[in-house]
Amino acid sequence: ELTHPRLAWSSSYSGYAMVGLRDSPKTLAFRRLGADGTAPDPENSVTSALSCDSLAASVPPQMEVAPDGSWAVVLGCGTKPNFVLFNPDGSLTKPVSSLAGENGLHMISLAHTNTGWATAWDGGKLSVSRGSQLVTPDTLAGPQPAGNYPYNGVQILATATDALELWWGFD
């Protein structure tokens, strides 16, 4: 059974793709569906490369499409955001990347700018990383939630000028 399904539209492919999770075995399942879902491609499953013990407690995946038609998926497994890049044809030729280790992962967001991918996440502090490889993320200063309470939302958006807008909230 697929949990946390997400859909994204690709204008270069003229169709949708779906991603979701299976916990036994831990699997990220990706499939291009076409324009109306009547002619889906075979599922492309990613298993052993994910750096998590269980997907049941993971942060649900987020998926975006680049102008060239490539599909990126980020998901949080325990304490690590994982970045998975699928080619425009749905194949996987690059290894899964772990972006960074944090102390608990609560929310994650993904955007594509004119120069590449950007990911934001809450691991007890807001962090932003550009690219698809393990790098030291930028930690953002600003209002912090009281105690050990996580942010209740984080969203990263790319603007037409290649800037990033970051939205977050907490109670």
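Predicted model: local features only at pLDDT ≥ 70, side-chain atom pairs only at ≥ 80, totals over all residues.
Strand β1 (residues 3-10) and strand β2 (residues 15-23) run antiparallel and are joined by six bridges. The two strands form a hairpin with four residues between them. Within that turn, Ser14 has a positive phi of about 60°. Trp9 is partly exposed, with a relative accessible area of 43%. Tyr16 likewise counts as partly exposed, because its relative accessibility of 34% falls between the 20% and 50% cut-offs.

The structure holds five aromatic pairs in total. Another of them is formed by Phe30 and Trp71, also with edge-to-face geometry. Phe30 lies in strand β3 (residues 26-34) and Trp71 in strand β6 (residues 71-77), so this contact ties together parts that are 41 residues apart in sequence. Phe30 is buried, at 1% relative accessibility, and Trp71 is buried as well, at 0%. Both residues belong to one aromatic cluster, which Phe30 and Trp71 form with Tyr13 and Phe86.

The geometry of the two pairs is set out below.

| Aromatic pair | Centre to centre | Angle between planes |
|---|---|---|
| Phe30 and Trp71 | 5.8 Å | 65° |

Notes
Residues numbered from 1 in each chain as written. Heavy atoms only, no water. Phe/Tyr/Trp six-rings, centres within 6.5 Å; stacked < 30°, edge-to-face > 60°. Buried < 20%, exposed > 50% of the residue type's maximum accessible area, 1.4 Å probe, protein only. Pairing = 2+ DSSP bridges.
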